[in-house]
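Dear colleague,

I am passing on the structure below, and after it I set out what was found, so that you can follow each point with the coordinates open beside you.

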Amino acid sequence: MRRYRSLLGVLLLAAFSVATARAGALLMARVDLPFPEAMAQLQDSIVSHGYTISRIQRVDAGLRANGYTTAAYQIVFFAKPAEMRTLPSLDPQIAAYLPLQIVIFAERGHTLLLAANPGRIASFFPQHALQAHFVTWAHDMRAIFREVRHAGQ
Amino acid sequence: MERKTAASQLKTHGFFALAALMLWSCIAIAGPGRPAADGARLYVHYCAACHGERGRGGIGLPLSLPSFLAGVDDGYLRQTIRLGRPGRIMPAFPQLHGNQIDALVRYIRHWSGNRPVMLAAAGKPGNAVRGATLFSARCAICHGANGVGGEGTGVTLSRPRSQPIMAPALDNPGFLASASDRVIRTALVRGRTGTPMRSALKQGLSERDIDDLVAYVRSLQYQPPPRAAAPRDEGPDIVGVSPDGVTATVARLKEAVEAANMRLIRVQYLDQGFVPAGKENRKQVIVYSCDFGFLNTALQVDPRVGLFLPCRVTVLQHHGKVLVMSVNPKRLGTLFNDAALSRLCDQMYRKYRDIIEEATF
């Protein structure tokens with residue numbers, strides 16, 4: 001029995017490492033929606049996963065005000081309030097990576113979503129206590145990207 | 001032989017069944033032996049974000065143009081997918097199996113109605129030294145000196161750039177390992193209709209000139225490839241320790257930001273927007289700033305640079321120490337497979353480091 005159990009362990013590990021090896025460093029998705037619709041959908045989806053949006057940074061407005069031409073380009077900042085309170089005391093260096101952010105920008109009639117894969121950022125922070133948060137964020141961000149993409153299909 | 005109770009037999013069988021299930025799911029994840037891989041699905045999952053849903057291009061080059069598809073063989077497409085273009089954004093896909101790559105190639109080919117590939121005839125051995133001179137005069141304006149590639153990649157869609165499609169890097173090890181001499185020659189003889197890449201013959205170059213240019217492009221293979229610095233030992237943050245309290249440190253930080261010619265955008269608490277106004281932790285402050293000229297240049301090179309935005313330095317009291325910190329652009333830069341962006345990250349790194357040193361001196 002013990003043999004089978006360790007075999008199972010090896011198989012589980014193999015399945016997991018194949019899955020993580022596939023995890024790209026960046027999460028990217030193309031949404032077949034114009035920017036305003038994609039943005040509305042993105043915000044709905046972020047909130048539906050239990051996050052609070054603290055701010056939308058209008059990078060495009062800043063660029064235009066300074067004389068540059070750009071299509072819509074904004075950043076959505078969000079987090080769970082409890083995590084904002086507790087995580088910096090576990091490791092102050094994580095504060096520079098909080099709140100989480102998704103970049104959203106227009107490419108003609110399409111919209112692109114972009115985020116650093118929390119699964120990859122996790123490797124910057126070896127503390128055990130933080131790992132579960134990265135796993136949840138990675139899972140939620142993937143779901144959010146999927147939902148916004150499907151809204152455009 | 002040992003007698004087993006029904007329960008223990010069931011348990012053993014259960015373990016076998018579970019193990020079989022695990023094995024099956026491993027195979028399902030890893031892919032080998034999976035019959036007809038679905039090219040359309042793979043394309044949407046792995047490629048469409050950069051190359052466009054219908055292959056019209058974006059951060060990546062167009063893939064659906066008949067002029068492109070007629071001028072590259074399947075080997076070129078397969079190798080490009082396998083190896084990517086190191087340091088030029090296009091990722092390598094070592095996780096894809098042969099049948100998945102074949103399915104992707106079939107899918108990409110369907111955009112031209114699977115019209116047959118027609119490569120230009122093989123040329124004669126050329127003179128790379130003469131080719132280098134021709135390249136400087138005729139090609140470097142788009143492909144960069146020594147073929148390092150245009151400033152930025154793919155199709156110009158979201159902001160003005162020097163070309164409607166930025167010329168790819170020709171010194172790239174991924175390109176050179178994928179393209180046969182005939183593929184390179186075909187691009188030169190015919191050009192790529194629908195892109196800025198024009199036929200060299202139609203521009204008055206001779207067959208011999210083309211042979212020399214092919215020899216020159218091939219010779220780039222033997223030069224050290226441009227490296228995206230991958231400083232794995234860099235920490236996640238640049239950190240300084242301030243001798244002052246939080247309020248005084250923030251005041252010095254604001255001065256340091258302005259002294260570095262950054263526009264101060266906003267100062268706020270870290271948890272602002274997450275807790276009721278007035279309840280914020282006043283020992284955790286973010287100072288946001290931006291250098292719009294630098295940002296505009298960076299966006300032309302790689303529109304994904306927004307992940308660094310806006311520039312911010314966080315001041316935070318932890319165990320009685322006042323820390324001043326920013327993300328470490330060198331470390332974040334390793335996520336992008338973009339050598340040009342890595343160079344900009346080095347600049348950002350120096351800027352952050354100077355600001356933080358100035359604020360904590």
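How many aromatic pairs does the structure hold over all chains? The structure holds 13 of them, where rings of Phe, Tyr and Trp (its six-membered ring) are paired if their centres lie within 6.5 Å, and where planes under 30 degrees apart count as stacked, over 60 as edge-to-face and the rest as tilted. One of these pairs, Tyr97(A) with Phe125(A), is edge-to-face, at 5.5 Å centre to centre and with 85 degrees between the planes. The two residues are 28 residues apart and link distant parts of the chain, Tyr97(A) lying in the loop between α4 (81-90) and β4 (100-107) of chain A and Phe125(A) in the loop between α5 (118-121) and α6 (128-151) of chain A; helices (H or I, at least four residues) and strands (E, at least two) are DSSP runs, numbered from the N terminus.

Before going further, please note that this is a predicted model, in which local features need pLDDT of at least 70 and side-chain atom pairs count only at pLDDT 80 or more, while totals for chains, interfaces and linings use all residues. Residues are numbered from 1 along each chain as its sequence is written, chains are lettered from A and ligands numbered from 1 in the order in which they are written, and side-chain values use heavy atoms, with hydrogens and water left out.

The backbone has some points to inspect. The peptide bond from Leu98(A) to Pro99(A) is cis, with omega near -10 degrees, and Pro99(A) is found in the loop between α4 and β4 of chain A. In chain B, a cis peptide bond joins Leu309(B) to Pro310(B), with omega about -20 degrees, and Pro310(B) sits in the loop between α13 and β4 (311-318) of that chain. Arg108(A), although not a glycine, has a positive phi of about 50 degrees, and this residue belongs to the loop between β4 and β5 (110-116) of chain A.

Turning to the interface between the chains, 63 residues from chain A and 66 residues from chain B take part in the contact (heavy atoms within 4.5 Å). The area buried between chain A and chain B, meaning the accessible area (1.4 Å probe) that two parts lose on being put together, summed over both, is about 5500 Å², and carbon and sulfur atoms give 68% of it. Between these chains there are zero salt bridges (a side-chain nitrogen of Lys or Arg within 4 Å of a carboxyl oxygen of Asp or Glu). Helix α1 (residues 2-22) of chain A supplies the largest share of the side of chain A that touches chain B, namely ten residues.

Within chain B, the domain assignment, which is automatic or from a database, gives domain 1 (6-21 + 229-360) and domain 2 (31-222). The centres of these two domains, taken over C-alpha atoms, are separated by 36 Å, and ten residues of domain 1 are in contact with 14 residues of domain 2. The area buried between them is about 910 Å², of which carbon and sulfur atoms give 52%. On the domain 1 side, Gln300(B), Val301(B) and Asn337(B) lose the most area to domain 2, together 54% of what that side buries.

With best regards
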